[in-house]
Amino acid sequence: MFGRSRSWVGGGHGKAARSIHSLDHLKYMYHILSKNTIVTDHNRNLLVETIRSITEILIWGDQNDSSVFDFFLEKNMFEFFLNILRQKSGRYVCVQLLQTLNILFENISHETSLYYLLSNNHVNSIIVHKFDFSDEEIMAYYISFLKTLSLKLNNHTVHFFYNEHTNDFALYTEAIKFFNHPESMVRIAVRTITLNVYKVDNQPMLHYIRDKTAVPYFSNLVWFIGSHVIELDNCVQTDEEHRNRGKLSDLVAEHLDHLHYLNDILIINCEFLNDVLTDHLLNRLFLPLYVYSLVNQDKGGERPKISLQVSLYLLSQVFLIIHYAPLVNSLAEVILNGDLSVFSSKVEQDIQKNSAKSSIRCFIKPTESLERSLEINKQKGKKRMQKRPNYKNVGEEDEEERGSEDNQDDLDKSRGTEASSKGVRTSTENEEIEMVIMERCKLSELSISAVTEQNTTDEEKSAAASGSDMANWNRPFLDMVYNALDCPEDDYYALFVLCLLYAMSHNKGLDSVKLERIQLPAQNAEERNSYNHVLAEGLIRIMNYAAQPDGKIRLATLELGCLLLKQLVFSKNGRIIKNVHLDCLEGAREESVHLLRRFYKGEEIFLDMFEDEYRTMTMKPMNVEYLMMDASILLPPTGTPLTGIDFVKRLPCGDVERTRRAIRVFFMLRSLSLHLQGELETQLPLTREGDLIKADDVLDLNNSDLIACTVVTKDGGQVQRFLAVDIYQMSLVEPDVARLGWGVVKFAGLLQDMQVTGVEDDSRALNIIIHKPASSPHSKPFPILQATFIFADHIRCIIAKQRLAKGRIQARRTKMQRIAALLDLPVQPSTEVMGFGHSSGAAAQHLPFRFYDQSRRGSSDPTVQRSVFASVDKVPGFAVAQCINQHNPSPLSSPSPSSGSGSTGRCDSVTASSTSTPSAAQSPAGLIGIIMKRKYF
């Protein structure tokens, strides 16, 4: 960026070019500036290049020669920059000057050099200069310049920007004027500047922000956010055909940015700023617009409203992002225990206090714009300065504040509560006092309810949570939550309600006592013995609806319901779900089994879909934060994939998607049922990674079917390997040089994902492709092996092709029969595995799994060595050790965990017998598996 340029003044070749970074060259630049104080068309380019050159010399001097800054300060060269700006010399000069100043302050590293540049107040003069902000380039460089300056703020440099005597802070006040700029990058820069200012722990500066700018800025910011929300709501209501999803996504992203910005302010933990911000958010935005819209959908009223789905969606985002305890607790109190009186009680308070305003708990536009409010406050400061011309008597104001707080404390003591106001005395004094009264009323209600709850039983708590015994306590917001869970027609509102409950229960700042009132446990709740029956029944109803053939419950709704039900009925001492609810849940699981039976087919695609859905569900569990960032769920549920909406967030379209949905519903309800009953999953997945042969495994290949071949890869490489076929896999092995009769696996792939074709001009060769299991149904299959296998003769080629083809058929058939066993469907047993007969004992049992002995992989114990690929055929030229006596295997009827001796279970057979169970007296050798003898035709 700062490389040498021939076009720069003083540039060229030889010695002059080498000495461009020097004090002498800076003196020469000063001489040029002093001779060109008036900007003309003839010297405009010269002055711009001179300013660039001076900037480069200053950056070099910051790192190499401090005398450069001494000369710069001595000659007051910054004055030349200001003089050029004041001449209105045109857009070109302004842009270049702002750009070079931005580069200069970005690259200054020493504090002393920074102090030189900030002295004499020239930087503040540039900040308040009236630029032509209608020019986008000038606006971009100007706001970037302010952001760069804000990054340099600390307890020392803040005094160069905040003038305590004149009560002025140009860097901050000029920046926040652009908080609602149409360009998003400008708004983001303003947020960064304000956060950098709030982080500086300088009390006089922070008090100035509180007294002079906090209320105007936060009130206008809240109105700006609310205006975006209303625009978002209008977009949702007018876009039922999903035509404006791009605009809707931008509006949702903007709201998320606003919430993260508000949360960033709150976590700085500047208490009096947080008080003002919390007051405006609660009383000007969240309560009057978000919460009020939950139960008031009549658009004819005076209050502005948004649709129910948008309100729930935005409240979920609030609880997911903001964790500031005073804010989220007040908001949750109204939602869970409040009624519509919270919007009218403040009118009575205002009358009692003779306030000029009728109510502030309303979404209304500020009476003055931010720029006008800042100007008014600045004029008030000047009038006060006439009385106190040389200083700001901060302590005197604090004494006045303490006096007024003491009077308020006396009033509080009469009510039995403790004052919590910080006493912000501005033109909006009444607003903050009203917020304090609201908080105290809530605290008194909380203390009364806490005493009452100590003397209630678990059954009474459950009844209280459901609202059945509270005829005198109207909770319309909580009633709306419960009612939305009854969704036989569609889950449009139910999904948002579940997201809201999830967000509240996982909010770190939310007091668990508030959640316990409705028996909704927090994420790390203490031990308990009861749960909310009404909520549990609502969740179970959703699961029943999802398991119906014509159910309109989306997969995202079902998965979120399962998460909440687990959280609801589990405590630290185990599950506390009642049997009646567990029976209802089992009924829903049975319904999901019957639903999946309707789509069970013997076709190959069903197996692929079954395994893909399980893989997707386990690899990508529900992330509510990401779900609440998706604007598409705001629109009515659709059943067409043409919208591009993720499958779990919409309804299925066609038989294939209905099959996928039925499979996923079955998985979710089965997993939930096993979890609530305390049982482990032993049947899924159909293929377990730990049970498969992997590359570099060392296997005993004695008495195994091995066919020598040459593998020619796609890039032309050739390697000699032995082909072996198991029930689930094909493997390429090479002899182990350390032990005779053992082999090292160089590649292993599933037979079910393999394609085998012959080569037209070579009867000894086969083209084999094995695809990696897809992580998504829409992803393109990725081949993990694509090669040509060349055998010694056409006989071995035919044998290999038959073995691979029949192995693939049998592997898929085996898994399909295991799926049938999961669905309690009758299974027709197969008497043949890969076309080769096996023992009648194994055929009678139709084993669902075969367990491999882990010690077979490289173990030196000869008593447990076992052949992986059993056969009576020998491959000429391959070293074969003498056969070791093997134990007679005992058939298994169901999968079981690894034995205590260290053996690892491997699944490999046909299906489970519903009447046979493994005996406890079986020997460890009986858990090894069945080695099936094979012979050629």
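In this predicted model, the largest nonpolar core has 216 residues, and the members that touch the most others are Y290 and F610. Helix α13, residues 203-237, supplies the largest share of this core, with 16 residues. In soluble globular proteins, nonpolar side chains tend to be buried together.

Y290 gives a view of the surroundings of one such member. Beyond its neighbours within four places in sequence, Y290 is in contact with I225, V229, H255, L285, I306, S311, L314, L315 and V318.

The next element is a sheet. Strands of a sheet pair through backbone hydrogen bonds, either parallel or antiparallel. Here 8 strands form an open sheet with antiparallel pairing, in the order β5-β9-β8-β7-β6-β12-β11-β10. At its edges lie β5 (698-700) and β10 (754-759), each of which pairs on one side only. From one strand to the next, the twist averages 40°.

Within the sheet, β8 (residues 729-735) and β9 (residues 742-750) are joined by 7 bridges in the antiparallel sense. E734 has V744 of β9 as its bridge partner. Helix α32, residues 794-822, packs on the sheet and touches β6 (707-713), β7 (718-725), β8, β10, β11 (762-772) and β12 (782-791). The direction of α32 makes about 25° with that of β11.

What of the cysteines? A disulfide is a covalent bond between the sulfur atoms of two cysteines. The structure holds 0 disulfides. Residues count as buried under 20% relative accessible area. C235 is therefore buried, since its relative accessible area is 4%. C270 also counts as buried, because its relative accessibility is 10%.

Helix α28 (residues 579-597) can be followed from its length to its packing. The helix has 19 residues, and the distance from its first C-alpha to its last is 27 Å, close to the 27 Å expected at 1.5 Å a residue. Which residues of α28 are buried? They are H581, L582, L585, E586, A588, R589, S592, V593, L595 and L596. An α-helix has 3.6 residues a turn, so residues three or four places apart point the same way.

Definitions and conventions. Residues numbered from 1 in each chain as written. Predicted model: local features only at pLDDT ≥ 70, side-chain atom pairs only at ≥ 80, totals over all residues. Heavy atoms only, no water. Core = buried A, V, L, I, M, F, W, Y, C linked by side-chain atoms within 4.5 Å. Buried < 20%, exposed > 50% of the residue type's maximum accessible area, 1.4 Å probe, protein only. Helix = DSSP H or I, 4+ residues; strand = E, 2+ residues; numbered from the N terminus. Contact = heavy atoms within 4.5 Å. Pairing = 2+ DSSP bridges. Axes fitted to C-alpha atoms, helices over the stretch in contact; angles between N-to-C directions. Disulfide = S-S within 2.5 Å. Expected span 1.5 Å × (residues − 1).
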